[in-house]
Amino acid sequence: MRGNLIVSKYGGPLYRIILDESGTGVVASSKPAILLGGAGGLGVTQAPNGVLIEASFKNASLFFHEPKEPASTVLVVKSVFPHRGGGGSTLSIYGEEFSGGSPSVTVGGANCGGATIVNSKKITCTLPNLPNGTKDINVSVGGNSATFFKGYRYI
């Protein structure tokens, strides 16, 4: 859901608006906004694995909006956590098919140290020190690789 806006108003449902490549316009297929449903809460955040968590003040409850995607049979990177920060921090990379060999992770072309497969959907590593700006993340495991473009912002 990168490049999307999730919007709501108090007492109303959540909507998804897809932004264009530049992030300054709306993709025609999301006019009108795509209804996601929900419980009328204003508090929405994203979990590291991509799930949207909505707090409903009216119902005093939490709702989880999980993207429904077909299972992947190839290595794919879906999200990272945190999304921004500095070198020396631990980066968690979420995706699918992280198995079949030792992982190699680069951020902005520099090695992300100590890359470790936690399970088939998560890899962790220690971010290299790089200058400020948005960097691509490349993950390779067992001869397969995937790039998460503009996946991390150094600040």
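T147 lies in strand β15, a strand that spans residues 144-154, in what is a predicted model. With a relative accessible area of 32%, T147 counts as partly exposed, because its value falls between the 20% limit for buried residues and the 50% limit for exposed ones. Leaving aside residues up to four places away in sequence, T147 touches D136, I137 and N138. With one of these, N138, the contact is also polar: the two side chains are joined at 2.8 Å. T147 can also be placed relative to T106, which is 41 residues away in sequence and 9.5 Å away in space, C-alpha to C-alpha.

N138 belongs to β14 and stands opposite T106. Strand β14 covers residues 133-141 and is joined to β10, residues 103-107, by 5 bridges, with the two strands running antiparallel. Strand β14 is also joined to β15, again in an antiparallel arrangement, here through 8 bridges. Within this second pairing, T134 has R153 of β15 as its bridge partner. The turn of the hairpin formed by β14 and β15 has 2 residues between the strands, and G142 takes a positive phi near 55° there.

Not counting residues up to four places away in sequence, I137 touches V80, L91, I93, V105, T106, V107, A146, T147, F148, G151 and Y152.

A covalent link is found elsewhere in the chain. The structure has 1 disulfide, which joins C112 to C125 with an S to S distance of 2.1 Å. The link is right-handed, with 80° about the S-S bond. It connects distant parts of the chain, 13 residues apart: C112 is in the loop between β11 (110-111) and β12 (113-119), and C125 is in strand β13. Are the two cysteines buried or exposed? C112 is buried, with a relative accessible area of 1%, and C125 is likewise buried, at 3%.

Side chains of opposite charge can pair when their charged atoms come close. A search of the whole structure finds 1 salt bridge, in which the side chains of K78 and E96 meet at 2.6 Å, N to O. This pair, too, links distant parts of the chain, with K78 in strand β7 and E96 in strand β9, 18 residues apart. The two partners differ in their accessibility. K78 counts as partly exposed at 33%, whereas E96 counts as buried at 11%, because buried means under 20% relative accessible area. The contact between the side chains of E96 and K78, at 2.6 Å, is also a polar contact.

A last point of reference is F63, which has its place in strand β6, residues 61-65. F63 is partly exposed, with a relative accessible area of 31%. F63 and V44 are 19 residues apart in sequence, and their C-alpha atoms are 9.4 Å apart in space.

Methods:
Residues are numbered from 1 along each chain as its sequence is written. This is a predicted model: local features need pLDDT of at least 70, side-chain atom pairs count only at pLDDT 80 or more; totals for chains, interfaces and linings use all residues. Side-chain values use heavy atoms; hydrogens and water are left out. Two strands pair if DSSP finds at least two bridges between them. Helices (H or I, at least four residues) and strands (E, at least two) are DSSP runs, numbered from the N terminus. Contact means heavy atoms within 4.5 Å. Buried means under 20% relative accessible area, exposed over 50%, partly exposed in between (1.4 Å probe, protein chains only). A disulfide is a pair of cysteine sulfur atoms within 2.5 Å. A salt bridge is a side-chain nitrogen of Lys or Arg within 4 Å of a carboxyl oxygen of Asp or Glu. A polar contact is a pair of N or O atoms within 3.5 Å; within protein, one must be able to donate a hydrogen and the other to accept it, and residues adjacent in sequence count only if both atoms are side-chain atoms.
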